[in-house]
Amino acid sequence: MDLAVVVVYEILYTIAFLALISAGLAVVFGMMRVVNLAHGEFILLGGYTAIVAHNNLGINLFVSMLVIAPVVVAVFGVVIERLIVRFLYGRLINTMLATWGLSLAMIGSFSLIFGTTTTSVKAPIGSISVGAFNISGYNIFIIASAIGVIALIFAILRFTRAGLVARGAMQNADMATAFGYDASRIYMATFAAGAALAGLAGGILAPLVGIGPNAGSLYIAKAFITVISGGASVVSGLITSSGFFGFVTQIVTFLTNSVIGELGLLVAAIILLRLLPTGISGRFFKNRL
Amino acid sequence: MTSRQLVLSVVIAAIVMFVLPVFFDVLNLTTYAAYALLALSLGFVWGYGGILCFGQTAFYGLGAYVYAMTAINLGEAWGGFFLAILIPAIFAAILGAMMFYGRLSDVYLAVVTLVVTLLLFRFMNTTAGPEYVIGEARMGGYNGIPGFPTLHTPGNPDANIYDEELYYFTFIILFVCYLLTRWLLGSPFGRVLVGLRENEQRIELLGYDVRARKTAAFAFGGGLAGLAGCLYANAAEIVTPELFSLGLAAEAIIWVIVGGTGTLIGPMIGAAVLGHLKFVLGLQSIKQVFGKENPLEATLVFGMILVLFVLFLPRGVVPSIQGWFGRSLVGRFKSGSGMRRRTRSERARNGA
Amino acid sequence: MTINRRQFMQGATAAGAFATIPSVAQSADTIKFGSILDTSGIFEAYGKPMEKTHQLAVEEINAAGGLLGRQIEMIPYDTQSNMALYTQYARRMTRRDKVDVIHGGILSASREAIRPTLRKAKTLYFYNTTYEGGVCDRNVFCTGTTPAQQSAILVPETIKKWGKKIYVLAADYNYGQITTNWIRHYAKNAGGDVIQADFFPLNVSDFGSTIAKIQKAKPDMVMAVLVGAAHLSFYRQWAAAGMNRKIPVASTTMSSGNDHRILTASEGDGIMVCQSFSPEADIPSVKTFLTAYKKRFGNTDDIHEIAASSYDGVRLWAEGVKKAGTLDRMKVIEALETGISYTGPTGKVTIDPKTHHVTHDMHLIEIKNQKLNVIKSYSQIPPSDTQAVCDLQKNPDDTKQYEIKI
């Protein structure tokens with residue numbers, strides 16, 4: 001019984017982890033049809049920011065993770081959008097290549113600035129026990145954060161004027177311009193929002209895994225697969241595909257080991273895309289959020 | 001290709017082949033020639049077939065592993081040499097059929113090919129245990145497989161082909177593959193393939209089986225990449241899972257985009273030049289010039305190159321040079337059509 | 001008369017060498033010392049201090065008048081944590097730089113990549129890292145510790161202290177696989193049992209489900225044979241789940257990359273390791289070494305066991321050259337086989353002629369407050385694991401790496 005609780009807990013945690021690292025990418029891909037392959041390094045930048053703010057500047061860890069990391073990465077995202085991405089809108093493959101280059105450049109810069117060893121902070125929440133088992137209390141915080149992030153994205157897109165304008169501009173930029181909204185600024189704001197979500201994910205995950213310059217590839221591969229398999233609808237795609245992959249990975253992991261679990265995720269992705277070539281939401285949640 | 005062009009290209013290739021060793025280490029040149037063959041295969045699949053394969057290195061690594069393991073089991077090289085072409089080609093055909101008959105395209109295709117590469121990467125990294133063995137060949141996991149028999153004079157496993165000989169051998173294979181690819185592109189099959197890149201629907205309505213042709217082209221590219229892997233294995237004398245890594249997959253794409261999509265020569269030059277750049281950046285003598293905190297970190301430099309090329313020279317070096325001289329076939333075709341419109345190939349490349 | 005192309009090339013090379021005699025004579029003035037290490041990439045934390053100790057040893061020898069009256073020139077290569085670059089650079093060193101000896105290689109994977117190459121090229125090779133043992137090759141000297149020196153102490157001591165049931169977490173490559181088998185072997189000898197062994201590729205950094213599985217198995221201790229920066233997450237997640245107060249951890253690798261300084265004190269406290277070097281040890285030769293290192297590089301924060309044994313490796317080689325009175329490879333090997341010893345940062349090390357391995361002083365260490373506190377020391381432990389299978393005096397042409405059979 002205790003074990004069952006632990007297994008469910010680990011599954012929920014894995015789903016939350018996937019949703020967190022994919023949220024920023026999903027917003028940018030779903031709204032703007034841009035795949036930001038430097039997303040993994042955006043996450044790392046958030047992690048580094050949180051660690052530096054906490055360890056070197058002595059700012060409260062939760063403030064560093066939840067406020068400073070997203071803000072810093074959002075600002076960085078704006079700079080990147082103005083310097084690189086905005087010239088490439090409408091050219092999906094070219095944005096992928098340019099952001100891939102950006103990702104390599106960021107890896108190089110991280111190792112120059114921070115060195116190649118991993119840095120981290122101590123998890124701020126202790127452990128809790130479920131029967132005979134000890135589990136990390138911090139994982140509950142991660143699950144809660146993932147739910148919060150998804151709810152926030154949904155609420156902004158569904159209920160606020162800014163969300164409405166953004167959705168309109170993505171569907172028809174000329175029309176939005178005709179109504180007096182500056183499409184270019186909307187794109188910039190959306191990209192910044194995606195970057196902020198990446199920064200938030202990095203901040204939240206920093207105490208858990210530690211941050212090193214090469215760790216980004218771990219995130220981008222998973223996030224990329226999750227987002228593409230989820231399809232173009234931001235919220236429903238994100239929920240269904242992280243749910244699916246999180247479940248598959250953890251079940252396989254408990255039956256065998258974590259390595260086969262990872263392989264299970266990749267095999268599941270190939271089968272899924274073969275059956276649903278436009279992703280889960282492309283098939284089941286067309287034209288919804 | 002006319003016979004005059006053929007003679008000319010043979011002469012140029014021969015000159016290049018004999019001049020390069022004067023300036024560079026033959027060991028490095030052999031590696032760059034293997035890289036160039038990998039770039040050629042990707043340049044063909046992407047630039048002419050319109051298939052953006054993010055995981056061309058899957059076939060490259062597979063070729064290297066097939067070669068190493070067959071060579072250990074047979075105790076000689078040539079069986080492995082041919083299997084290193086055949087098995088990646090078959091694997092590419094199966095994967096291609098799965099994707100093209102499933103109507104996967106664009107970014108989805110990129111994801112699937114990348115995932116397959118990562119799958120092989122993860123898998124090969126888990127094969128360190130003694131239970132992963134095929135015949136006498138341990139797969140070795142992270143260590144890879146060192147110490148397999150290298151290429152030799154056919155029939156005499158002790159007469160190894162190495163150093164300068166291996167370089168000339170690799171270079172000649174590269175050149176033959178280049179000619180073969182050019183011939184293929186000039187054949188009816190190749191013409192349909194290019195037409196398909198320009199407008200897939202039109203070709204389909206003309207009654208051609210688009211999916212079978214794409215699959216065949218993908219398999220051909222896979223075979224070339226497998227051969228490149230085999231040649232690399234002979235140059236490096238070791239195969240490791242690193243061949244399937246995300247980093248190398250990225251590098252192959254950078255070679256092609258820097259050299260130029262839509263040409264065959266461009267990707268090959270891109271591979272050789274950037275391969276050498278990477279080698280030079282790893283030399284301590286370069287590091288010492290800049291002191292301890294070397295700003296010329298290889299990943300940083302490569303990243304900047306990719307960003308700058310996508311922004312300012314998205315067609316790559318070779319097509320741009322051709323464009324400046326106005327000599328390329330494509331150039332003539334475009335100027336003939338009056339107003340310059342974005343061709344399907346550019347759109348495919350840019351993914352509109 | 002027929003001349004094939006290779007003969008022609010050889011002739012041409014000889015003629016070329018003849019034409020450039022002055023430059024050959026000039027470069028013959030220095031002894032060429034090749035250093036091949038990962039000083040960037042994910043194994044940078046291991047490789048950088050190792051390159052520094054190579055440099056320190058070479059500079060000290062040069063300052064004392066050099067070897068055979070000649071100065072040593074160090075030719076370093078950075079393999080960027082990329083196994084494929086090892087063979088590429090190793091061949092460049094043997095064929096172009098024509099080095100007299102090569103020291104280096106960190107992971108067992110890198111050693112196995114270049115060992116055949118260097119044997120073929122007849123270039124003497126020193127591998128100075130803690131490893132899984134069993135390499136039997138007359139061209140190679142392994143000056144790091146092996147399981148008979150490390151696990152053979154660590155496993156029985158921890159079984160005595162904590163209990164019999166061991167759960168092993170190991171890096172998934174030859175070092176982790178073979179070391180795990182040694183741990184099984186020594187556990188059995190001490191009346192213990194390895195109840196489960198899980199292997200992880202070097203890029204795995206999420207150990208959540210593994211930690212749950214360990215709790216289900218209820219071992220008396222966890223033995224970590226983890227390698228590299230990603231695996232460090234284990235200790236962190238272990239502490240985050242509060243497990244560091246429930247099940248104790250020992251490790252064969254922890255602190256080789258200064259992991260105990262990267263972890264916070266509360267995450268690292270209580271972990272036990274066994275190694276041949278501790279900067280905290282109260283031994284004169286350690287103090288001398290640390291002072292010299294501090295003087296040369298500013299501080300000693302990054303120093304670790306395998307950097308210390310790299311220093312010893314260079315010194316042992318130099319002693320061999322001195323004794324041989326020449327740089328001729330076979331003469332140097334024969335001189336080293338007379339059982340040369342040196343007392344340096346890892347205490348007294350003596351070369352075992354049969355196996356080309358080294359006798360070590362070992363320390364059982366408990367990590368406390370980011371320091372390596374020596375609990376107990378063991379004097380002059382032989383590499384008996386390799387001695388059981390390898391005899392280079394009898395079989396000088398052996399090149400195998402022997403693996404323990406379970």
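Q: Hi! Which strand does His103(C) lie in?
A: His103(C) belongs to strand S3 of chain C, residues 101–104. Bear in mind that this is a predicted model.

Q: Got it. Is His103(C) buried or exposed?
A: His103(C) is buried, because there are 28 C-beta neighbours inside 10 Å and the cut-off for buried is 20 or more.

Q: Which residues is His103(C) in contact with, leaving aside neighbours within four places in sequence?
A: The contacts of His103(C) are then Ser35(C), His54(C), Phe126(C), Asn128(C), Ser310(C), Gly313(C) and Val314(C).

Q: And how far is His103(C) from Tyr127(C) in space?
A: Their C-alpha atoms are 6.1 Å apart, although His103(C) and Tyr127(C) are separated by 24 residues in sequence.

Q: Let's stay in chain C but move to strand S13(C). Why is it described as largely enclosed?
A: S13(C) covers residues 357–368, and nine of its twelve residues are buried, so the rest of the structure largely encloses this strand.

Q: How many bridges does S13(C) have with S14(C), and in which sense do they pair?
A: Eight bridges, in the antiparallel sense, with S14(C) spanning residues 371–381. One of the links is Leu364(C) with Lys376(C) as its bridge partner in S14(C).

Q: What about the turn between S13(C) and S14(C)?
A: These strands form a hairpin with two residues between them, and Asn369(C) in the turn has a positive phi of about 55°.

Q: What does S12(C) do with S13(C)?
A: S12(C), residues 347–352, runs antiparallel to S13(C) and is joined to it by three bridges. Asp352(C) has His357(C) as its bridge partner in S13(C). This hairpin has four residues between the strands, and His356(C) takes a positive phi near 60°.

Q: And how does S10(C) pair with S13(C)?
A: S10(C), residues 272–275, pairs with S13(C) in the antiparallel sense over four bridges.

Q: Nice. Zooming out, how is chain C divided into domains?
A: Domain 1 is made of 29–145 + 281–361 + 381–387, and domain 2 is 151–251. Their C-alpha centres lie 30 Å apart. Each side gives eight residues to the contact between them. On the domain 1 side, five are nonpolar, one is polar and two are charged.

Q: Switching to chain contacts, how many residues does chain C put against chain A?
A: Chain C gives 30 residues, and chain A gives 30 as well. The elements with two or more residues on the chain C side are H3(C), S7(C), H8(C) and H9(C). H8(C) gives the most, with six residues. By class, the chain C side has twelve nonpolar, twelve polar and six charged residues.

Q: How many residues of chain B are in contact with chain A?
A: There, 37 residues of chain B meet 36 of chain A. The largest share on the chain B side comes from H5(B), with eleven residues. That side has 25 nonpolar, six polar and six charged residues.

Q: Last one: how do helices H3(B) and H4(B) cross?
A: Their axes come within 8 Å and cross at roughly 140°, and the crossing is right-handed. Among the residues in the contact are Phe59(B) and Leu62(B) of H3(B), with Ile87(B) and Phe91(B) of H4(B). The contact has 13 nonpolar, four polar and no charged residues.

Key: Residues numbered from 1 in each chain as written. Chains lettered and ligands numbered in written order. Predicted model: local features only at pLDDT ≥ 70, side-chain atom pairs only at ≥ 80, totals over all residues. Domains from an automatic or database assignment. Contact = placed C-beta atoms within 7 Å. Nonpolar A, V, L, I, M, F, W, Y, C, P; charged D, E, K, R; others polar. Axes fitted to C-alpha atoms, helices over the stretch in contact; angles between N-to-C directions. Left-handed = near helix turned anticlockwise from the far one by under 90°. Pairing = 2+ DSSP bridges.
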